[in-house]
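The stops below are meant to be selected in order.

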Amino acid sequence: MNKTRRIQALKENHLFARAYRKGRCFSGKYVAIYILKNSDKTSNKLGITVAKSRGNAVKRNRAKRIIREAYRVFHPFIKEGHIFVIVARQPCIDAHVSVVTSEIEALLVKAALL
């Protein structure tokens, strides 16, 4: 387990679509996580989405920063070879980092990836 590895960003639209279509979904009050096994078994990829209906650009970017920081805490301990798409829900816009972190931890434990 390399604790200094970087979080690889998910950028391709077809991978987002495949994660939505074929991935397992675990949802909570603040976020929903779609998890799909990656063909590349050596790394995880993270994609974060926030709908335009959640607020203006400032609020959406804040939600993305909160989710990225919450994921960063668990990144070294997550099993390899998965694609994660984390979708922010409306309460996530005004939530504190610690609340989102605890929910992401609970969802990853539920998915048996920690």
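Where is the place of Lys-41? Select Lys-41 and you are in the loop between β3 (31-37) and β4 (45-49). The coordinates here belong to a predicted model. Lys-41 counts as exposed because its relative accessibility is 57%, and the cut-off for exposed is over 50%. From Lys-41, draw a distance to Phe-84: the two C-alpha atoms are separated by 14 Å, and the residues are 43 apart along the chain.

Next, select α2 (57-74) together with helix α3 (residues 97-110). Their axes come within 9 Å and cross at roughly 50 degrees. That angle makes α2 oblique to α3. The crossing of α2 and α3 is right-handed.

Now go to Phe-77, in the loop between α2 and β5 (82-88).

The last stop is Ala-112, in the segment after α3. Check the backbone torsions here: Ala-112 has a positive phi of about 60 degrees, although it is not a glycine. Most residues other than glycine have a negative phi. Ala-112 is partly exposed, with a relative accessible area of 47%.

Notes: Residues are numbered from 1 along each chain as its sequence is written. This is a predicted model: local features need pLDDT of at least 70, side-chain atom pairs count only at pLDDT 80 or more; totals for chains, interfaces and linings use all residues. Side-chain values use heavy atoms; hydrogens and water are left out. Helices (H or I, at least four residues) and strands (E, at least two) are DSSP runs, numbered from the N terminus. Axes are lines fitted to C-alpha atoms, for helices over the stretch in contact, and angles run from 0 to 180 degrees between N-to-C directions. Angles under 35 degrees count as roughly parallel, over 145 as roughly antiparallel, 65 to 115 as roughly perpendicular and the rest as oblique. A crossing is left-handed if the near helix is turned anticlockwise from the far one by less than a right angle, and right-handed if clockwise. Buried means under 20% relative accessible area, exposed over 50%, partly exposed in between (1.4 Å probe, protein chains only).
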